[in-house]
Amino acid sequence: MMDSSNIQQAWLDVCEQIKKYEGVDSTQINAFFSRLVPQAISDGFLMITADNEFIKTWIERHYLEFIRQALQDLYHMPFTVLIEIDESAAKNISIPVNPVPVQPIPTSENVVYVPVQQHQEQFHSNYPAQNVLIKEENYIDVYKEPKPLPDQTNNPTSMLTFENFVIGDSNRMAYSMAVSVAEMPGKAHLNPLFIYGKSGLGKTHLMRAIQNYIHETQPNLRTVYVDSAELLSDYMDASAAHDKEKTSFRNFKTHYEEADVLLIDDVQYLQGKKQTLDIVFQILNKITDMGKQVVLSADRAPKNIDIDERYKSRFNSGATFDIQPPEIETKLGIVKSCIQDYKENEKKPDFNIPENVQIYIAEISSSNIRELKSAVTKVIYQMVYFNQSTITLDEVKSLLENHFSGGSTKRLTIADIQKVVEEFYKVSHADLVGKKRTRNIIYARQIAIWLCRQLLDLPYNDIGKKFNRDHSTAMYSVSEVEKAIKESRELREEIELLQQKIKED
């Protein structure tokens, strides 16, 4: 007979066992399983409770078979698993499963969870729409590139969801804030929400995920997503037609001002477009004054966009969060997600890419997620085309030799890096490697040494020689820059720009 005296430990063992299975995202286990409480366990039976209908339905659809399999593997017998709802459980959960700071699903008096099968029309007649978040099953298990929308309003890009956004330390805060906005649009401290980071890190994915989530859970709200280039084009069209059709300009403004949630992507493209900026400024003020939500994105922080100070202040008046280049663990998670996507779409459960190849792809890839995903696709179709059941590391090295745009496979020299740094900071080569110790030269020199250490496989001594310094000075320079990077977003952005210039040269 099973010992049921330590039910909490038994449940933890089950959760850890599930994490070992292929295709399981440990982040989801951490986030969702901490909302479950084991109530009873005996030979062949487990009862657990969820704190709301949404969690219950989600677990049943996505993880019930994994739970059964884990019990079978641990106790060598088939199990019946029963999941019930206990709304008081949210207050009493005491066994977090290695929790991580992802944004939880809200439980409060202003949030009502509704089963999928309940008719929304009947529900809305009983509850005021503005105080309700309707939770339905809106998750999918594949990772796709965005598809073009037929128009800008309430036609979400269905494949870009919060679930298929791969979370890591580099993007966790931006992800959490995006979830908060999607679940409860219009919170003053998150309005506008400004997300920034260089191209390919997932800003558009988060914006589309917000749009998708609201479209699924609050269909009464009107969401409008627009890229800044498209916004500029709309404005120019409306202005050109204004002489012939007096309502054209008014219709342009109304289209955006009547949005309950307005998402504007890549606002850095509005630099130098004063008239368009003025209109955007008016629209943002009107929307936020009405308690409606605005979400903005850019490839740099508001203060680094070349626009009037009042626009910077407005963009930065809510909450601003950056997305950093993904760390190796996040990139590896994306590789695995792409492989799982292919297996499910093509119904090839036995297909796989060797683990050492997956790690190699993650390690050599640039920070651009789109390039990373296309590299995985390239390897997959190499295997499919030649009917290979596996692929070697040497084959992949050859296949991806020129894939990444100036990524880590590019052959760089210390002289290449010095040249870019000298041009960027406007210092001469003689000063960079000479004895001058003015503040601007020391700063540029330390950045150059740090970049050499990061981008080249060279010891400190070899780097130091090229700057007429010894290895200890090179080590000190790297240490100083590492400390400054942790404290300064501006420096992180400078380095991103420098690295991009080095790759482009």
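**Close-up 1. Helices α21 and α22 pack at an angle of about 115 degrees in this predicted model.** Helix α21 spans residues 471–487, and helix α22 spans residues 489–504. Their axes lie 6 Å apart. Two packed helices are described by the angle between their axes and the distance between the axes. From α21, the contact takes in V481, A484, I485, K486 and E487. From α22, R489, L491, R492 and I495 meet them. Five residues of this contact are nonpolar and four are charged. None is polar.

**Close-up 2. Strand β7 is mostly covered.** This strand runs over residues 293–298. Six of its six residues are buried. In a regular strand the side chains alternate between the two faces of the sheet. In β7, Q293, V295 and S297 point one way. V294, L296 and A298 point the other way. Both sets are buried.

**Close-up 3. Strands β4 and β6 each pair with β7 in the parallel sense.** Strand β4 covers residues 193–196 and joins β7 over four bridges. Here L193 stands opposite V295. Strand β6 covers residues 261–265 and also has four bridges to β7. In this pairing L263 stands opposite V295.

**Close-up 4. A right-handed β-α-β unit includes β7.** The unit is made of β6, helix α11 and β7. Helix α11 holds residues 274–289.

**Close-up 5. A cis peptide bond links N191 to P192.** Omega of this bond is near 0 degrees. P192 is found in the loop between α7 and β4. Helix α7 takes up residues 172–183.

**Close-up 6. D266 has a positive phi without being a glycine.** The phi value is about 60 degrees. D266 sits in the loop between β6 and α11. Is D266 buried or exposed? D266 is buried, because its relative accessible area of 16% is under the 20% cut-off.

**Close-up 7. K347, a residue other than glycine, also has a positive phi.** Its phi is near 55 degrees. K347 belongs to the loop between α13 and α14. Helix α13 is formed by residues 328–345, and helix α14 by residues 355–364. K347 counts as exposed, because its relative accessibility of 70% is over the 50% cut-off.

Technical notes:
Residues numbered from 1 in each chain as written. Predicted model: local features only at pLDDT ≥ 70, side-chain atom pairs only at ≥ 80, totals over all residues. Heavy atoms only, no water. Axes fitted to C-alpha atoms, helices over the stretch in contact; angles between N-to-C directions. Helix = DSSP H or I, 4+ residues; strand = E, 2+ residues; numbered from the N terminus. Contact = heavy atoms within 4.5 Å. Nonpolar A, V, L, I, M, F, W, Y, C, P; charged D, E, K, R; others polar. Buried < 20%, exposed > 50% of the residue type's maximum accessible area, 1.4 Å probe, protein only. Pairing = 2+ DSSP bridges. Right-handed = clockwise from strand over helix to strand, strands pointing away.
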